[in-house]
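Open the model in your viewer and keep the selection tool at hand. The tour goes from the whole chain to single side chains.

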Amino acid sequence: MHTTTRILGRLEGLLLPGGQRTARRNAWTAVLEDRRRARARAEAAAVLEAAGTGRRRAT
């Protein structure tokens, strides 16, 4: 997997101008951050729900 990522990164470097590489990298970073926030929201909702019903939920 790591090798594949490295190969794709090198191909991207050869085929895309610098601005597009930066834009693609920024977009991927935003996707990862959105996923992290969604996971945190789901965990917080589960904790609040468990606190509201008086039961514990394993996380």
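Accessible area here is the Shrake-Rupley value with a 1.4 Å probe. By that count the protein exposes about 5300 Å², of which carbon and sulfur atoms supply 59%. Note before going on that this is a predicted model.

**Whole chain.** The protein has two helices and zero strands. Now colour by burial, where buried means under 20% relative accessible area and exposed means over 50%. Of the 59 residues in the protein, buried ones make up 5%.

**Helix α1.** Select residues 2-15, which form helix α1. Then show the side chains of Ile-7, Leu-8, Leu-11, Leu-14 and Leu-15; together they make a nonpolar surface patch of about 560 Å². Stop at Leu-15, which lies in this helix. Is Leu-15 buried or exposed? Its relative accessibility is 68%, so Leu-15 counts as exposed, the cut-off being over 50%.

**Helix α2.** Move on to residues 18-53, helix α2. Side chains of opposite charge can pair when their charged atoms come close. How many salt bridges does a search of the whole structure find? The search finds three, and each can be visited in turn.

- Select Arg-36 and Glu-33. They form a salt bridge whose closest N and O atoms are 2.5 Å apart. Both residues lie in helix α2, three residues apart, or about one turn of the helix.
- Asp-34 and Arg-37 are three residues apart in helix α2, about one turn of the helix.

**The network.** Select Glu-33, Asp-34, Arg-36 and Arg-37 together: salt bridges link them in a network.

Glu-33 is partly exposed, at 28% relative accessibility. Arg-37 is partly exposed at 37%, Asp-34 is partly exposed at 40%, and Arg-36 is partly exposed at 43%.

Methods
Residues numbered from 1 in each chain as written. Predicted model: local features only at pLDDT ≥ 70, side-chain atom pairs only at ≥ 80, totals over all residues. Heavy atoms only, no water. Helix = DSSP H or I, 4+ residues; strand = E, 2+ residues; numbered from the N terminus. Buried < 20%, exposed > 50% of the residue type's maximum accessible area, 1.4 Å probe, protein only. Patch = residues over 30% accessible without salt bridge, like charges linked within 9 Å, V, L, I, M, F, W, Y side chains within 5 Å. Salt bridge = Lys/Arg side-chain N within 4 Å of Asp/Glu carboxyl O.
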